[in-house]
Amino acid sequence: MAVDTALVGRTFPPTEPYTATREKVLEFARATGSEFDGKTAPATFPIVVAFAAMTALMEDPDVGISLHRVVHGDQRFTYTRPVTVGDRLSATLTVDSLRQIGGADIIATRSEITDEQGAPVCTAFATLVHRAEESA
Amino acid sequence: MSDLVAGETLPTQTYRVTRSDLVRYAGASGDFNPIHWSDRVATTVGLPGVIAHGMFTMALAARALDTWAGAPGLVRELGCKFTKPVVVPDDDEGVEVQVAGTVKNLTEDGVHIALEVTCGGEKVLGMPKAVLARG
């Protein structure tokens, strides 16, 4: 089943605030071998928050996505400022576009990541490729 | 940062990736997709074996950027396509991922860098590029 084109332009509710604790940031820095100065999170750390927003999209029963057929096609971040320890972050995902290529749905998403004050921190753009069901 | 010039080749960074790194990244990122730790599941979906998270490989590119910038927190933009999986064998050696970079130009936005991320001589990320803040 193809994903409904009515999805384009839809914005999902903001994700539950996520606190970037020192422990979580340090764990992420260690897992990626990144230098940690005690406050600044690695550049790809916001994926943790964006991932929650993408999961909500993929698990929405109205959207019609089968999780096991989704592949991460590309990822891009633009930063207003780096994530720092203590930030309480929330992601608001919008479906920017939807294309069908060779039976696959190409879903372009944009997650605006903001801090507790609602000020922008970074924008995470992700393309999700939803492969067509194999015809047996 | 201010000493980077257009056309400059940045020192290539080499990172060894083992299964244990993938398990650790799964825990840190919350991405527990079994294709990143179970050969059984990976081969069932047609992969040659367990593959690294695309976001883990991207994180290695970000790590190289921090090294070139001389400090964390200076990346203004980072993007790539996930074109080829990094297959990580279940042994102690794992695989090597290399991150190379070239300074394309310097604009008001910052220092534009074209990256090349390879494993076994093959590009694993498509058109990886970044912008670093100017010092």
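Predicted model: local features only at pLDDT ≥ 70, side-chain atom pairs only at ≥ 80, totals over all residues.
A residue is called buried if 20 or more other C-beta atoms, placed from the backbone, lie within 10 Å of its own.

## Basis of the description

Local features need pLDDT of at least 70 and side-chain atom pairs count only at pLDDT 80 or more, whereas totals for chains, interfaces and linings use all residues. Residues are numbered from 1 along each chain as its sequence is written, while chains are lettered from A and ligands numbered from 1 in the order in which they are written.

## The contact between the chains

The contact takes 24 residues from chain A and 27 residues from chain B. On the side of chain B that touches chain A, the elements giving two or more residues are helix H1 (19-29), helix H3 (54-69) and strand S2 (75-82), and H3(B) gives the most, with 10 residues. By class, that side of chain B has 15 nonpolar, 5 polar and 7 charged residues; Ala, Val, Leu, Ile, Met, Phe, Trp, Tyr, Cys and Pro count as nonpolar, Asp, Glu, Lys and Arg as charged, and the others, Gly among them, as polar.

Strand S2 (residues 70-79) of chain A runs antiparallel to S2(B) and is joined to it by 5 bridges, pairing being assigned if DSSP finds at least two bridges between two strands. In S2(B), B:Leu78 is the bridge partner of A:Phe77.

## Chain A and its helix H2

Chain A has 2 helices and 5 strands, which follow the pattern β-α-α-β-β-β-β along the sequence. Buried residues make up 36% of its 136 residues.

In H2(A), the buried residues include A:Ile47, A:Ala50, A:Phe51 and A:Leu57. The buried residues of this helix pack against strands S1 (18-19), S3 (88-101), S4 (104-114) and S5 (120-130) of chain A, together with H1 and H3 of chain B.

Notes. Contact = placed C-beta atoms within 7 Å. Helix = DSSP H or I, 4+ residues; strand = E, 2+ residues; numbered from the N terminus. Buried ≥ 20, exposed ≤ 12 C-beta atoms within 10 Å, placed from the backbone.
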